[in-house]
Amino acid sequence: MKVLLVEDDASLREGMGELIAEQSEVRETGSVAQALGALREELFSLVVTDLRIGDTGEGGRIILEAARKRLQPVAIVSAATAEEVGKVLRPHEPDVVLAKPFQIDDILGMVERFVGLRQQVVRAAERGPPQGAWVEVAAGVRTLEEPDGLLWVRMEPGVSHPRPVHRGRAGVMVVEGSLEVEGEQRMKHQYFYLSAGPREVRTHEGCLAVSMALR
């Protein structure tokens, strides 16, 4: 599990990197180009980026868009007001905004929230679905929900569905087969993150997946 940190202030990047490293492995980058390269090379449990990084001041939006395509959660770090952040990022929305100046517990809690989500989904995938009654929610799509909120989804080959997992933000692990979300494919044992909103999910070979909503 790894966090991508994008910050062009070297001293701030070093300090934030040390804090994040208490919760997760971290890859540090100091520019938009480096961040985009990292997103092409790896999958992250969380992407943490400064809003105004880059010469144009729109680096945060560029990185957010790229991370969304790769199905990864994004935290925006900014001293701007909520209205200003929304204006820069529109039409996209980050999964969390870390307001400057922030406290140590703020960044530790944020990282723990996303890393913990992935850990919970991975543990569930390792043990497999429990015994219980599956519910058919659409043709070729069945679900099984556990008391703690874990949601199992089984899809038959060739099926597509507008969001068979949690409607809000959620972490997802493919247990069997493969899933495709807007052209981005995840195979067996791969984790990904779905932001809020409608996202069509399809499978060519069929799949079993487990998801948990972000809390």
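The legends below describe close-up views of a predicted model.

**View 1. Strand β3 and its surroundings.** In strand β3 (residues 46–50), 5 of the 5 residues are buried, so this strand is largely enclosed by the rest of the structure. Leu46, Val48 and Asp50 point one way from β3, while Val47 and Thr49 point the other way, and all are buried.

**View 2. The strands paired with β3.** Strand β1 (residues 2–6) runs parallel to β3 and is joined to it by 4 bridges, and within this pairing Val3 has Leu46 of β3 as its bridge partner. Another 4 bridges join β3 to β4, and these two strands also run parallel; here the bridge partner of Thr49 is Ile76 in β4. Between β3 and β4 the chain passes through helix α3, making a β-α-β crossover that is right-handed.

**View 3. Strand β5 beside β4.** Strand β4 (residues 74–78) and β5 run parallel and are joined by 4 bridges, with Val77 standing opposite Leu98 in β5. The chain goes from β4 to β5 by way of helix α4 (residues 82–89), and this β-α-β crossover is right-handed. Strand β5 (residues 96–99) has a covered face formed by Val96 and Leu98, whereas Val97 and Ala99 lie on its uncovered face.

**View 4. The packing of helices α2 and α3.** Helix α2 (residues 32–41) packs with helix α3 (residues 59–69) at an angle of about 5 degrees, and their axes are 10 Å apart. Because angles under 35 degrees count as roughly parallel, α2 is described as roughly parallel to α3. The contact is made by Val32, Ala35, Leu36 and Leu39 of α2 together with Gly59, Ile62, Ile63, Ala66 and Ala67 of α3, and the residues of this contact divide into 8 nonpolar, 1 polar and no charged.

Definitions and conventions: Residues numbered from 1 in each chain as written. Predicted model: local features only at pLDDT ≥ 70, side-chain atom pairs only at ≥ 80, totals over all residues. Heavy atoms only, no water. Buried < 20%, exposed > 50% of the residue type's maximum accessible area, 1.4 Å probe, protein only. Pairing = 2+ DSSP bridges. Right-handed = clockwise from strand over helix to strand, strands pointing away. Axes fitted to C-alpha atoms, helices over the stretch in contact; angles between N-to-C directions. Parallel < 35°, antiparallel > 145°, perpendicular 65-115°, else oblique. Contact = heavy atoms within 4.5 Å. Nonpolar A, V, L, I, M, F, W, Y, C, P; charged D, E, K, R; others polar.
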